[in-house]
Amino acid sequence: MSVVDLRSDTLTRPTEAMRRAMLDAPVGDDVYAEDETVNALEARVAELFGHEAGLFCTTGSLTNLLGIWALVRPGDEVLCDAQAHIVRAELGAHAALHGITTRTWTSSDGTTTADQLAGLIAPDNGPFLVRTTAIEVENTHNFGGGTVWNWDDLAAVSELAASAGLGRHLDGARIWNAHVATGVPLQQYGRLFDTVSVCFSKGLGAPVGSMLLADRETIDRARVQRKRLGGGWRQAGLLAAAASHALDHHVERLADDHAAARALAEQVALAAPGACDPERVETNIVVVDTGARAAGEVVAELAGQGFSFSVVGAHAVRAVTHLDVDLEQCRAAGGALGELLSA
Ligand SMILES: *Cc1c(COP(=O)(O)O)cnc(C)c1O
C-alpha cells in the first residue's frame, strides 16, 4: 500500500533537478571557508534577510543553538513560548551545552503580545533573580499549528525587546511559509532580529541544511563555536547547491502546500466540526483535536488506511503538507480523519 506521509515536511526527497544541481556544484573545503557554493549561498541568504553574513549548518537545531548562544550568557535566560521548538524539540541542548535557562509565556497559537512580554522581562533585578538577556520567537509556529505572527504584534515585541536591551532571535525554520502566506518581504522579517535561523530542509525540500544570519562579528564567533561542537564540514557545497536550487524553485510553490493543508482541514471539519478550524490553517500545518479519542489510537488507525499523521499531544494529531503530497491525497487524508472522529 502506498502511504500518504504527512508526519513532517522534512520527509521530502530531492527532485531529479535538485540532484543534478548537486552533482554539478563546484566545491571546496568549508572549514577553510573555501567552498564557493557555500559562500555564495551564505551571501545570497544574508542579503535576502537584510543581514551582513550567514553560516550554513547541518540543522535548524544547530543554528538555533548558535544564534541563542551568541545572545545569552550561561545562567541568563531567554524568554519564549511554552511550545517553542527550542524548549520542546531540541532535547535541552541550550541548557545542556550552553547553560542557558528559559522562561516561557503560554498561548494558544505560539505568539504573544508586547503587553504580555513586558510582564516577563527581568533585565536586572540584582543578585536575586535570573537576568533576561534575550527573547526568541518562532514564525511560523510549529506546535501552534503553523501559525503566522501578526505583523504588528511581531514588530511591537521586537521593538520592546530592543528597547529593554535584549537580544532577539528568530526561529524561522518556516519563515518562507510566513512570507508566502502574508507577502511580507523576507528582509522586513529579518530586520526585526539580531540572529535568525532558517531551514532549507522543511518545506523547501532540500535534503539537509539550515542557516544562521547575523552581523559579521556574530557569524565569525558562531563559526568558531560550530567547529567546537563538531559541526565544521568540508565539501558542503553539494548540499548548499540543493538549498540554492530550492530557493530558485520551491519558495512560491509553498502556496500549494498551504492550499492542500486548508483542504485537509476542511474535510476534517466537514465530518467532525470542532476538531479543527480551517480558517485558522494559514500555512502547511494542521493540528487536529481528537476529542475523546487518544491521539495514538487515531494515528494507528489512519496508518492502516495509508495515511501517516503524527501525535503531538495526548489528544492532538498533526499533518504537515509538502512537495511530495498533492491536493487530492491531502483531501483524502482529511476525509479519513474526519470520518474516524465522527464515528
Ligand atoms: C524543524 C524545526 C527546527 C530545526 O529542526 P532540525 O531537525 O534540527 O533541522 C527548528 N525549529 C522549528 C520550529 C522546526 O520546525
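Begin by selecting the ligand: the space that it takes is the second largest pocket. Please bear in mind throughout that the model is predicted.

**The shell around the ligand**

Next, select the residues that surround the ligand. They are Thr59, Gly60, Ser61, Asn64, His85, Glu90, Glu138, Asn142, Asp171, Ala173, Arg174 and Lys202. Which helix gives the most to the shell around the ligand? Highlight residues 60-71 to find out: this is helix H3, which contributes 3 residues.

**Contacts with the ligand**

Start with Ser61, where an N or O atom of the side chain is 2.6 Å from an oxygen atom of the ligand. Proceed to Asp171, which places a polar side-chain atom 2.6 Å from a nitrogen atom of the ligand. Then turn to His85; here a side-chain N or O atom is 3.5 Å from a nitrogen atom of the ligand. Taken alone, the ligand exposes 380 Å², and the protein buries 85% of that.

**An aromatic pair**

For one of them, select Trp176 and Phe200. The ring centres of Trp176 and Phe200 are 6.1 Å apart and their planes stand at 35 degrees, so the pair is tilted. Trace the chain from one partner to the other: Trp176 belongs to helix H8 (residues 175-182), whereas Phe200 is in the loop between strand E7 (195-199) and strand E8 (210-214). The two residues are 24 residues apart, and the pair thus links distant parts of the chain.

**Two stops on the backbone**

Select Asn139 and Thr140, which are joined by a cis peptide bond with omega of about 0 degrees. Thr140 is located in the loop between strand E5 (132-138) and helix H7 (151-163).

Finally, where is Ala33 located? Select the loop between helix H1 (16-23) and helix H2 (36-48), and Ala33 is found there. Although Ala33 is not a glycine, it has a positive phi of about 60 degrees.

Notes. Residues are numbered from 1 along each chain as its sequence is written. This is a predicted model: local features need pLDDT of at least 70, side-chain atom pairs count only at pLDDT 80 or more; totals for chains, interfaces and linings use all residues. Side-chain values use heavy atoms; hydrogens and water are left out. A residue is near a molecule or strand if one of its heavy atoms lies within 4 Å of it. A polar contact is a pair of N or O atoms within 3.5 Å; within protein, one must be able to donate a hydrogen and the other to accept it, and residues adjacent in sequence count only if both atoms are side-chain atoms. Accessible areas come from the Shrake-Rupley method with a 1.4 Å probe; for residues, only the protein chains shown count as cover. On a 1 Å grid over the protein atoms alone, a cavity is a set of points where a 1.4 Å probe fits but cannot get out, and a pocket is an open set with protein on both sides within 12 Å along at least five of seven lines; lining residues have an atom within 4 Å of a point. A molecule sits in a cavity or pocket if more than half of its atoms lie within 2 Å of its grid points. Helices (H or I, at least four residues) and strands (E, at least two) are DSSP runs, numbered from the N terminus. Rings of Phe, Tyr and Trp (its six-membered ring) pair if their centres lie within 6.5 Å; planes under 30 degrees apart count as stacked, over 60 as edge-to-face and the rest as tilted.
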